[in-house]
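Please look through the sequence and the structure shown here, and then follow the account below from the whole chain down to single residues.

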Amino acid sequence: MSQPVENQSIQPKRWVYLLPLGIFVGLVILFFIGLELNPRLIPSPLIGKPAPSFSLPRLHHPGEIFQETDLQGEISLLNIWATWCPSCKQEHPVLMQIAKANKAPIYGLYYKDDPEYGVEWLKNNGNPYRANAVDKDGSVGIEWGTYGTPETFIIDEKGIIQYKHVGPISWQDWKDKLLPKIQSLREKSDV
Amino acid sequence: MIPEIGHFILILALCVALVQAIIPGMGLLNRRVDWMNVAQPAAVLQFILVLISYSILTYSFIVHDFSVLYIANTSNSELPLIYRISGVWGAHEGSLLLWVLILSAWTAVVAIYSKRYPVDVGAGVTSVLGFISIGFLMFTLFTSNPFERHFPAPVDGADLNPLLQDPAMAIHPPMLYMGYVGFAIPFAFAITALVQGKVDTAWARWVRPWAIGAWVCLTAGITLGSWWAYYELGWGGWWFWDPVENASFMPWLTGTALIHSLAITEKRHALRNWTVLLAILSFSLSLLGTFLVRSGVLTSVHAFATDPTRGIFILIFLGVVIGISLMLFAIRAWQMRTTGSFTLVSREMSLLSNSVLLLIAMLTVLLGTLYPLILEAITGEKISVGPPYFSSVFIPLMVPVVFLVAIGPLMSWRKENLSQLLLKLRQPAIIAVLFASLLLLVLPGKANFTAWFALLLAFWVINNCFALLKQRLRNTNNLSQGLRRIPRGWYGMITAHIGLVMTVIGIGLSSVYSQEQDVYMAPGDDRTLGAYRFEFIDVKKKPGPNYMADVGTIHVYKNDERLMTLHPEKRLYNVRRNVMTEAAIHSNLLRDLYVSLGEPRNLESGSWSVRLYYKPFILWIWLGGLFMVIGGLLAVTDRRYRIEVPDEKLKLDSTHVAAS
């Protein structure tokens, strides 16, 4: 028991010294695959699925209901926004331009905010939206998987979500990502 | 204009880092002392440049320059000053800049201290640190520039994540980074030693204070993070085995093994390759932690906004740094196999067993953290590995670790007589059994084996510390003189070991004896938990500087006597609309009373869901962490690390340079 441990007996074999490197190479390969798999690269689990159902009061006509079936019939954009969200204000001029270009109607989901502020803001800065649904407590936003405003969805004429953009849309985003997507959807439906 | 200056100075810092890495490194390989001498001024200059750049970003935060994209995303005009300063590291770009700042600060300190090392060692270490700095500066500048502008500037910023608007959270990341980055120094020493083919006692003595320093910072960072999670998340938990927590815990485990293995290498010239490997692993795991957090490969509550190009960049960097180091290790370590010998019953063996156990513990944490990723890569299935795996695998590994902490310090170096050891261990063990059993009878709650066992291990370690002290003092007549003659490092070890068992007591007793209730309460309702009765009075609105709070009032009675009033809060932050829970906690050494508000149930009757916890001895978990930090600080300030190297040793010693 208390014999000195001989040098040879505790000397690891040569391959043992390569073991850490071997394990590490395995990890790097795993991470490379992992980066490809990155769940956040898939913009939304909702893509390819019908828009979640909701039924909310309209911003300008609180007595009327806005629901997911109102999104059907033509390719449209749904923009989730609020007046407390600085990036939404920054996005606003781009939305105005998109509305002017008249490629697809923009609907709004007015998220966790007071309707009065929204009406006031749109009065002063212009209204790019065809209609807005007021999601005062944010419960519909959760159904749509919102984790930050603004977010914009492209919904096809059957009411299926086809694309999701997180963060403010720049004019570049519109030209390079959203507009081509809308055009390809339109071609598909024409065929 | 000012942010552009910051950006430009950061580019200059990258140029200086290139000089710092390449010229001394070439000097080392070509034995040119004049090239090696570039190391120190370059390291200091790089630090100054990064500091200026960092200060500029801080300034832009303070003056609310929302044209800087990063500031627009993480600050707001309502944000209090203190959180505008800590907000600099509140998201990805700024925390990388903080990382670079801390790295350059550590490097500058090493470079200034390098007078104590042979000039080639100092140059090698500075050069390796320079290469690491290049990697991180390039990462910052090319993928995560914090000075990026954005026009037109938004009117106001998106605000700092309210979770981070907390004093402990303000200092937790810098402490953690100081630990992570601190392990770069033992790493740099290890690489230099491998290049030179020389690891000796002097090498171990140079590395020890840096390794302990990094370990102290990491311990403090993890302790703060755990404490923060406890009072801020509102669930009474203090460790969640979240991937990001694991990322900080893994280098801690190997770092702990490293500081112990360094002791063997210094005292006994043994296990040199093992020590070098641990030094490489500790820093590699710090880098791995950065990769896991920054790349978004694992989803976690901690992860900031992620970006695949960042992930690829860090992965390449990680592959180059760790790959080269481990290749160097595979080649060189084989050539410098160990010479020291020791027996199965010896302090070396107990330290070696302990570091092997810590390494295995690290591997189990690594496996648990990466398993979801492995499974998804192979089968595409998504799962998560939670606390059940970690507690059932990790705790059995920690029991022998604490056991070895108890007996290891009492063993002699090289060879211990087994029967004498048993004799030394007998008395403290008997006392520990008695103490643990007695205390269990006094404690409120039923006798429980886990609690008894935790107390037993703890008392055993503490009693052995006293036995050790007695052994140390047996040859002196004068007690105070004898105490003063013991080196400070020894007191550090004792303090840290006592800290460890305090944490063991905290975990053991709080996990066994905690009581909790998750209930709906209306004004006037009361609930009893242990000896305490909680009476719910009401919840009122109260505005804060940048939030609106619901403040609850709960009276706590013991034996019908009112002990205190607790005010848990629920805050709604104005800008981000996040709801934060602020638990109300009354702590003392024996127990915590913890109350947090859930959701309002009925606005008319004023009833709320309320979580009530009674957690005995939980404070000991973090007090233990504090003791470990103090122990490490005592060890690092031991005077033998301050002894200057005689002048003639400073000259370039050609035998240091490997013949190849």
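**Chain B as a whole**

Of the 660 residues in chain B, 50% are buried, a residue being called buried if 20 or more other C-beta atoms, placed from the backbone, lie within 10 Å of its own, exposed if 12 or fewer do, and partly exposed in between. This is a predicted model, in which local features need pLDDT of at least 70 and side-chain atom pairs count only at pLDDT 80 or more, while totals for chains, interfaces and linings use all residues. Residues are numbered from 1 along each chain as its sequence is written, and chains are lettered from A and ligands numbered from 1 in the order in which they are written.

The secondary structure of chain B comes to 21 helices and 10 strands, taken as DSSP runs numbered from the N terminus (helices H or I, at least four residues; strands E, at least two). Chain B is as compact as a globular protein of its length, because its radius of gyration, 27 Å, is close to the 26 Å that the globule rule gives for 660 residues; the radius is taken over C-alpha atoms, and the rule is 2.2 Å times the number of residues to the power 0.38. Along the principal axes, the C-alpha atoms of chain B fill a box of roughly 85 × 75 × 55 Å.

In chain B, four strands form an open antiparallel sheet in the order S1-S10-S9-S8, where two strands pair if DSSP finds at least two bridges between them. Its edge strands, each pairing on one side only, are S1 (515–521) and S8 (584–587) of chain B. Strand S8(B) is joined by four bridges to the antiparallel strand S9 (residues 591–602) of chain B, and Ile585(B) stands opposite Tyr594(B) in S9(B).

Five bridges join S6 (residues 151–155) of chain A to S7(A), antiparallel to each other, and Phe153(A) stands opposite Lys164(A) in S7(A).

Strand S5 (residues 131–135) of chain A contains Ala133(A), which counts as buried because it has 25 C-beta neighbours inside 10 Å. Leaving aside neighbours within four places in sequence, Ala133(A) is in contact (C-beta atoms, placed from the backbone, within 7 Å) with Phe54(A), Leu56(A), Arg58(A), Phe66(A), Leu109(A) and Tyr110(A).

Conventions:
Contact = placed C-beta atoms within 7 Å.
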